[in-house]
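Dear colleague,

Please find below the structure that I am handing over to you. My notes on what was found in it follow directly after.

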Amino acid sequence: MTFTLPNGHSIEALKNVSLSLKKGEILSILGPSGCGKTTLLNILAGFLSPTHGQVSMNGHPVVGPAPERGMVFQQGALFEWMNIRDNIGFGPAMKGEPKEKTKKEVDTLLETVGLHGFGEKAVYELSGGMQQRVALARCLANHPDIILMDEPLGALDALTREKMQGLILKIWQETGKTIILITHSVEEALLLGERLLVMAPRPGRIHKEYALPFAKLGTEKDLREIKKHPDFSAKRDEILTMIWEMEEEIMGKKA
Amino acid sequence: MLVLLIYILIFVSTYLGYKAISHLFHAKTDFSARKTVTFGDESSVTSNKAASVISIISLFFLWGIFTGSVITPVHMPGPFVGETTFSYTAINADGKTSDASVYVRVGFLGEDFEKPDIPERLEAGFAKDDALKTKAWRSGLIRVQRNDEGGKQAGYKVIAVNGQTIEPSQSVAVADGTVSMTKKGSLSFTPYKGLQMEPIWLPPPEAVVQRLIEIAVDGYQNVTLAENIGWSLFRVLMGFLLGSLIGIPLGYAMGLNNWFRGWFDPIVEFMRPIPPLALIPLVIIWFGIWEQGKISLLFLAALWIMTISARAGVSGVSISKVHAAYSLGASKLQILIHVIIPNSLPEIFTGARVAMGVCWGTVVAAELVAAEKGAGKMIIAASKFQQTDIVIMGIILIGIIGFSIDMLMRKAEKILIPWKGKG
């Protein structure tokens with residue numbers, strides 16, 4: 001993926017990124033800023049078309065956004081002019097599904113994300129964490145095959161974040177959806193990644209891939225227990241060192 | 001100058017007075033009450049309700065005391081009205097002097113009154129008493145030599161008023177006014193004017209209210225007040241609606257399509273800074289002075305504002321909302337209807353408020369230039385007859401209506417787009 005800048009220069013945002021995902025996998029992507037995580041996700045979602053290569057899903061190439069790939073954004077992607085119920089039911093409503101059916105489904109989803117009784121509230125009446133639950137529910141209502149999350153918990157405070165991590169794992173386990181999640185937090189990447197990709201910048205590429213047991217464990221145990229796991233802290237230190245080295249390399253290049 | 005001084009005095013004294021007594025009847029209990037730093041903290045500065053009320057009262061107070069209104073118990077000294085007298089000394093061709101009095105009666109403009117009677121005098125010299133009637137804020141010319149014996153002879157002249165010597169172009173202060181001598185030697189009496197404003201400059205508030213009632217009931221120049229204001233409002237609404245009808249879709253097109261934006265950008269950017277008032281002459285040439293002309297003018301006034309606000313509304317849609325809607329399976333039309341239009345409503349409402357304000361200002365100005373009916377027409381017609389009370393009444397009504405329009409728009413905004421500013 002190469003972007004041409006207005007001044008004629010071009011930036012290689014991604015180079016030789018190749019990966020395949022099985023149904024039901026949860027993949028987290030981690031990397032220093034500027035490594036092309038968001039570009040990669042935008043290509044997967046179909047918002048950008050790559051200069052070389054292709055994305056295919058369910059046996060057909062991806063050419064644009066489609067309901068089979070749901071998105072959860074960092075924040076502010078809810079529709080303020082609709083109440084919570086209409087936000088969640090947006091996808092089915094666009095497809096023209098019967099209102100009764102959608103209503104039942106929205107009720108179930110509100111239950112799933114722990115927002116029972118909030119359906120008639122306005123978006124601005126909910127806290128940031130609650131809004132992200134709505135975004136998640138809105139995505140689920142559309143029955144996507146894969147959920148793409150772009151730093152979904154990035155704007156939340158630490159406590160809310162921990163709760164939401166549990167919720168994502170719970171949804172992954174209950175629905176069996178394929179999930180790709182971009183994050184800045186090493187802990188989050190470890191907890192929410194059956195597979196974890198560490199990306200490197202300039203040009204953006206896959207630096208290392210891990211297969212991790214913590215996401216599976218997280219569906220059974222308390223997340224805080226897992227963080228105490230000796231492997232967890234060892235992996236965390238390893239990855240942090242790796243990213244620090246990349247950052248330092250960038251700084252060094254600049255100087 | 002005096003007005004400004006009194007105004008400042010009221011401002012300072014009520015402020016000090018309020019400060020002195022405010023702690024007696026209510027202690028501040030709100031959030032900012034515990035703040036120690038308030039100077040420079042904008043959030044702790046709130047509009048003082050008492051100050052607003054006193055401000056309005058003091059404006060009416062000033063208006064009242066300088067116009068002798070019934071709404072204020074005290075007034076500035078008014079003009080002299082009533083009877084007064086002064087004496088003059090004349091010298092005749094023989095070098096003899098003689099004294100006589102001038103009896104003056106001063107009345108208000110529009111009142112009907114007679115000259116005062118001259119009391120009979122036993123020992124009269126060659127100078128004879130005179131009578132004069134004049135009006136407050138005016139002056140009266142009296143040729144005292146006309147009835148004096150030998151007044152037409154070459155050596156005759158008036159040499160003193162009230163014992164004080166006077167020469168042509170000089171004046172002498174007498175009781176209740178001044179006497180001045182013209183270049184030709186005649187006397188002119190100017191009664192004391194006081195500090196109040198003359199009604200043709202500034203009528204008292206009650207005169208304005210009385211006019212309001214009179215015009216609301218009987219109309220002015222065969223057009224009722226409701227008709228005048230109704231026509232102005234109708235023009236504003238028509239112009240605004242037509243402007244929105246074209247402007248909003250145009251703004252959306254400019255926000256969504258390269259060709260549209262490129263095509264209309266130069267036009268919009270050029271037309272936007274032209275004040276609508278500058279278009280009045282051209283509009284009159286093209287469309288004439290009737291309704292078509294005025295509505296075209298208001299249409300142009302509203303059009304660019306609405307176009308720009310709709311375009312800004314489209315630009316304001318965050319890309320993640322559009323992306324989210326696409327990945328939820330919405331079509332382009334659905335995105336326009338369910339995402340872009342509702343998301344641009346706050347901007348459009350802001351634009352509509354501005355447009356309504358501009359249209360209201362423009363319609364009044366256009367009616368001042370040429371109209372048969374309308375609020376602006378009413379005040380320009382009244383000003384030609386120096387009916388200041390109607391002019392002031394009209395200005396106040398125009399202000400109140402403009403303010404009400406804005407308040408109504410704000411109310412509508414709160415009801416229709418409750419999410420504004422909370423995203």
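**Overall build of chain A**

Chain A contains 10 helices and 10 strands. Its radius of gyration is 19 Å, close to the 18 Å that the globule rule gives for 255 residues, so chain A is as compact as a globular protein of that length. Please note that this is a predicted model. The C-alpha trace of chain A extends over about 60 × 45 × 35 Å along its principal axes. Of the 255 residues in chain A, 38% are buried. If one takes the contacts in chain A between residues at least 6 apart in sequence, 68% of them link residues at least 24 apart.

**The six-stranded sheet**

Six strands of chain A form an open sheet with mixed pairing, in the order β6-β7-β8-β3-β9-β10. The edges are held by β6 (69-72) and β10 (205-211) of chain A; each has a single partner strand, so one side of each is left without a neighbour in the sheet. On average, and with direction ignored, neighbouring strands of this sheet are turned by 20° against each other.

**Strand β7 and its partners**

Strand β7 of chain A deserves a separate paragraph. On one side, β6(A) pairs with β7(A) in the parallel sense over four bridges, and Arg69(A) has Ile146(A) in β7(A) as its bridge partner. The strand β7 (residues 146-150) of chain A is also joined by five bridges to β8 (residues 178-182) of chain A, and these two strands run parallel. Within that pairing, Asp150(A) stands opposite Ile182(A) of β8(A).

How many of the five residues of β7(A) are buried? Five of the five are, and the strand is thus described as mostly covered. Both of its faces are covered: one carries the buried residues Ile146(A), Leu148(A) and Asp150(A), and the other carries Ile147(A) and Met149(A), which are buried too. From β7(A) the chain crosses to β8(A) through helix α6 (residues 158-175) of chain A, and this β-α-β crossover is right-handed.

**Helix α1**

Helix α1 (residues 37-45) of chain A is mostly covered, with seven of its nine residues buried. These buried residues are Lys37(A), Leu40(A), Leu41(A), Asn42(A), Ile43(A), Leu44(A) and Ala45(A). Which elements cover them? The cover includes β3 (26-30), β6, β7, β8 and β9 (195-200) of chain A, together with α8 (319-327) of chain B. Just after α1(A), Gly46(A) adopts a positive phi of about 100°.

**The contact between chains A and B**

The contact draws 21 residues from chain A and 17 residues from chain B. On the side of chain A that touches chain B, the elements that give two or more residues are β6 and α3 (90-95) of chain A. The largest share of that side, four residues, comes from α3(A). By type, the residues on the side of chain A that touches chain B divide into 14 nonpolar, four polar and three charged.

With kind regards

Methods:
Residues are numbered from 1 along each chain as its sequence is written. Chains are lettered from A and ligands numbered from 1 in the order in which they are written. This is a predicted model: local features need pLDDT of at least 70, side-chain atom pairs count only at pLDDT 80 or more; totals for chains, interfaces and linings use all residues. Two strands pair if DSSP finds at least two bridges between them. Axes are lines fitted to C-alpha atoms, for helices over the stretch in contact, and angles run from 0 to 180 degrees between N-to-C directions. Two residues are in contact if their C-beta atoms, placed from the backbone, lie within 7 Å. Ala, Val, Leu, Ile, Met, Phe, Trp, Tyr, Cys and Pro count as nonpolar, Asp, Glu, Lys and Arg as charged, and the others, Gly among them, as polar. A residue is buried if 20 or more other C-beta atoms lie within 10 Å of its own, exposed if 12 or fewer, and partly exposed in between; C-beta atoms are placed from the backbone. A crossover is right-handed if, with the strands pointing away from the viewer, the path from the first strand over the helix to the second runs clockwise. The radius of gyration is taken over C-alpha atoms; the globule rule is 2.2 Å times the number of residues to the power 0.38.
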